[in-house]
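Subject: Structure handover and findings

Hi,

Here is the structure I promised to pass on. Please load it before you read the notes.

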Amino acid sequence: MNGDGDRDRDRDEEVKMEEDEATATTTQRVVYMWGYLPGALPQRSPLLSPTTVRLPPTYKWMDLCGGGCGFAMAISESGKLITWGSTDDLGQSYVTSGKHGEIPEPFPLPTQASIVRAAAGWAHCVAVTDSGEVYTWGWKECVPSGKVFGDLSTGTSTEKEVPERQSSFLTEQVSPRSQGSRSSGGTGSGNDARGGGEESTKRRRVSSAKQAAESSSSGDESLSALPCLVTLNAGVRIATVAAGGRHTLALSDIGQVWGWGYGGEGQLGLGSRIRMVSSPHPVPCVDTSPYGKDRSTAISRGSLSEGQGYRVPGNYVKAIACGGRHSAVITDAGALLTFGWGLYGQCGQGCTDDELSPVCVSSLLGIRIEGVAAGLWHTVCISADGDVYAFGGNQFGQLGTGADQAETLPRLLDSPSLENIQAKVISCGARHSAIIAEDGKVFCWGWNKYGQLGLGDVIDRNIPSEVTIEGCVPKNVACGWWHTLLLAESPT
């Protein structure tokens, strides 16, 4: 009875396959870069506008990973991790992330498996293979106990055990003031009625040992580490990873979150201020209590009313993000949970408290969140309807609200530039943000000292501003600390 219909469907599928093949043969993936990558740019000058990144002809682009402080990362079609950027620019801290050359080339990982996902923090990297294994390298305090492979300077393939270790000096991420950044209303968010001024001063303090760590050269073996195969429980397969300033989250193929590294502000979501987790631990995200705290605490904050149900919507986690010292996850039901440092409101809980366990962002309940990204002090997420919400530090306009005041609750971006725009992809650098819209437009906002907004100048923007990209269709955007990468398809 359905023979004719089947034949029609078969013909339609054949036509579609032919169209897809034709499209595949007439387009190619290209990567654009703007901002600052010391050592990979002539005279160490920032790129103020989108510039094509040249890849050796034997490789083709597949996806982007953003990168860390002074280096960029991407993935090739053949599953190679492609990196580029400086490793020896006057002893800056990013030297400890590994040997990244001045031109894009495969990073020497000790595996032949294809890399499918990767991420980078301030000075550490993490990559996932198609078999669900995880490799990480960079600052030793960010690398869990496990097997270290090879010598990147000699190319040898020996392996050695990494002993259990505790951090003796890693404390905080650098504050705006300690970096000489401009003062604004956003920095006042920590001085609340609960005496937060003294606490915020303590939180922002950077130890002399930490400063020494950030100014050390790549030759200091105490600060650098070779790629390490992360030891996980039997049967655990990791699907994707996220890297913060000094911590890492990994998401398994069944929606379980694992974390390791520095957790002094609760960014590992383990319910305490544990300074160093030297092996992957499961992070309890979806539980009977969505707020990671007792019912009375949730009610006292106004996030719940008496008699209101308070279970986190969803059964597993589908997306993860790491900021400088905070983290965010999304459940399969579209609920957003945050945890970690809260000084600027980057956890979206209406206060500046640290959150030691995953806490549901209650003001977004009822809105299905599809994507989230986190910067040094801010968080941005997008809904299924394409709306953009931002909260946290706003010293450079990185929230896109049109002002520089911090926001402790999610703020819907209603800039005229986003009118009738549906956001589909989101990424955050240290102090800037970027999105790709459904119609292919690209918008950036925030800190622009190094041209990381791609707008042709070095002027900060506090509202989303469109980046001119001609002759291509944007597919993905990924922000590093001082730069931005864009993956696009272009006619051959």
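The notes below go through what was found, topic by topic.

One caveat comes first: this is a predicted model.

**The largest pocket**

The largest one has a volume of about 1100 Å³. Its lining counts 49 residues. The closest to the pocket centre are Val241, Ile320, Val372, Ile426 and Ser427.

Which strands supply at least two residues each of the lining? They are β3 (61-67), β7, β13 (238-243), β14 (247-252), β17 (317-322), β21 (369-374), β25 (423-428) and β29 (473-479). The largest share comes from β17, with 6 residues.

Take β7 to start. This strand covers residues 115-120 and pairs with β8, residues 124-129. The two run antiparallel, with 5 bridges between them. Ala118 has Ala127 of β8 as its bridge partner.

Now β21. Its partner β22 spans residues 378-383. This pair is antiparallel too, and 5 bridges join the strands. Ala374 bridges to Thr379 in β22. Is β21 mostly covered or mostly open? Mostly covered: 5 of its 6 residues are buried.

**Aromatic rings and charges**

The model holds 10 aromatic pairs. One of them is Trp447 with Tyr450. Their ring centres are 5.6 Å apart and their planes sit at 80 degrees. An angle over 60 degrees counts as edge-to-face, so this pair is edge-to-face.

Ring pairs also link a cluster: Tyr36, Phe396, Trp447, Tyr450 and Trp482. What sits over its ring? The charged end of Arg431 does, 4.5 Å from the ring centre.

Arg325 lies over the face of Trp341, 3.5 Å from the ring centre.

**Cysteines**

How many disulfides does a search of the whole structure find? The count is 0. A disulfide is a covalent bond between the sulfur atoms of two cysteines. Two cysteines have accessibility values to note. Cys322 has a relative accessible area of 9% and is buried. Cys360 is buried too, at 2%.

**A backbone angle to check**

Most residues other than glycine have a negative phi. Asn420 is not a glycine, yet its phi is positive, about 65 degrees. Where is Asn420 found? This residue is in the loop between β24 (407-412) and β25.

**Contacts across the sequence**

- Ser465 and Val442 are 23 residues apart along the chain, with 8.2 Å between their C-alpha atoms. Ser465 is in strand β28 (residues 461-467). At 14% relative accessibility, Ser465 counts as buried.
- Gly264 and Leu356 are 92 residues apart in sequence, and 9.0 Å apart in space from C-alpha to C-alpha. Gly264 is buried, with a relative accessible area of 9%.
- Leu270 and Glu355 are 85 residues apart in sequence, and 10.0 Å apart in space from C-alpha to C-alpha. Leu270 has 29% relative accessibility, so this residue counts as partly exposed.

Gly264 lies in the loop between β15 and β16. Leu270 is placed in the loop between β15 (257-262) and β16 (276-283).

**Where to look**

For a quick tour, begin with Ile320 and Val372, among the residues closest to the pocket centre. Move on to Trp447, with Arg431 over its ring. Finish at Asn420 and its positive phi.

Best regards

How values were computed:
Residues are numbered from 1 along each chain as its sequence is written. This is a predicted model: local features need pLDDT of at least 70, side-chain atom pairs count only at pLDDT 80 or more; totals for chains, interfaces and linings use all residues. Side-chain values use heavy atoms; hydrogens and water are left out. Two strands pair if DSSP finds at least two bridges between them. Helices (H or I, at least four residues) and strands (E, at least two) are DSSP runs, numbered from the N terminus. Rings of Phe, Tyr and Trp (its six-membered ring) pair if their centres lie within 6.5 Å; planes under 30 degrees apart count as stacked, over 60 as edge-to-face and the rest as tilted. A charge sits over a ring if NZ of Lys or CZ of Arg is within 6 Å of the ring centre and within 35 degrees of the ring normal. A disulfide is a pair of cysteine sulfur atoms within 2.5 Å. Buried means under 20% relative accessible area, exposed over 50%, partly exposed in between (1.4 Å probe, protein chains only). On a 1 Å grid over the protein atoms alone, a cavity is a set of points where a 1.4 Å probe fits but cannot get out, and a pocket is an open set with protein on both sides within 12 Å along at least five of seven lines; lining residues have an atom within 4 Å of a point. Grid points are joined across faces, edges and corners, and a volume is the space filled by probe spheres set on the points.
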